[in-house]
Amino acid sequence: MLAVLLTSGFGRSDAPPSIRVEVERVAAVEDGYVLEFSARNESDVTAADIAIVADLRSGNDLQRREARFDYLPPRSARRGGFFFDSDPRAGALELRAEGYNEP
């Protein structure tokens, strides 16, 4: 166990986190819709204070939503949701990780 801890401590990568954001599902709620998503850190480094942004464009209307995760360890995932007035499946949706901090 000590060897694993030493190897992971000295073998730290200089590569940035690689965060992939995907839609899990969309459901109707009382006042509109909720889009549930997952954010997966596919790298071997930890990310902190991760900003996830969703832009939903319907005609000239743009709805922007933001969610944050405090901490996203290597090779892990977190789930969240965005509330929209209109159905995200009917518009042009862009979902992305917009930023992070080093822990």
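Let me start with a term: two strands pair if DSSP finds at least two bridges between them. Helices (H or I, at least four residues) and strands (E, at least two) are DSSP runs, numbered from the N terminus.

Now the ground rules. This is a predicted model: local features need pLDDT of at least 70, side-chain atom pairs count only at pLDDT 80 or more, and totals for chains, interfaces and linings use all residues. Residues are numbered from 1 along each chain as its sequence is written, and side-chain values use heavy atoms, with hydrogens and water left out.

Overall layout. Reading from the N terminus, the order is α-β-β-β-β-β-β.

Which strands form it, and in what order? Three strands do, in the order 4-3-6, with antiparallel pairing. Strand 4 (61-72) and strand 6 (92-101) are the edges. Each has a single partner strand, so one side of each is left without a neighbour in the sheet. From one strand to the next, the twist averages 20°. For that angle, axes are lines fitted to C-alpha atoms, for helices over the stretch in contact, and angles run from 0 to 180 degrees between N-to-C directions.

Now strand 3, residues 47-58. On one side, 11 bridges join strand 3 to strand 4, running antiparallel. S58 sits opposite D61 of strand 4. The two strands make a hairpin with two residues between them, and there G59 takes a positive phi near 65°.

The other partner is strand 6. Eight bridges link strand 3 to strand 6, again in the antiparallel sense.

How covered is strand 3? Mostly: nine of its 12 residues are buried. Buried means under 20% relative accessible area, exposed over 50%, partly exposed in between (1.4 Å probe, protein chains only).

Strand 1 and strand 2 form a hairpin, with two residues between them. Their pairing is antiparallel, over 10 bridges. One example: A27 has V34 in strand 2 as its bridge partner.

Strand 2 also pairs with strand 5, antiparallel, over nine bridges. There, R40 has A77 in strand 5 as its bridge partner. Strand 2 is mostly covered too: seven of its 10 residues are buried.

Next, the core. A nonpolar core is a set of buried Ala, Val, Leu, Ile, Met, Phe, Trp, Tyr and Cys residues joined through side-chain atoms within 4.5 Å. The largest one has 17 residues, and F37, I52, F82 and L95 touch the most other members. Who supplies it? At least two residues each come from strand 1 (19-29), strand 2 (32-41), strand 3, strand 4 and strand 5 (76-84). Strand 3 gives the largest share, five residues.

Last, the chain totals. Of the 103 residues, 34% count as buried. Contact means heavy atoms within 4.5 Å. Among contacts between residues at least 6 apart in sequence, 63% join residues at least 24 apart. The chain exposes about 6,700 Å², and carbon and sulfur atoms supply 48% of that. Those areas come from the Shrake-Rupley method with a 1.4 Å probe; for residues, only the protein chains shown count as cover.
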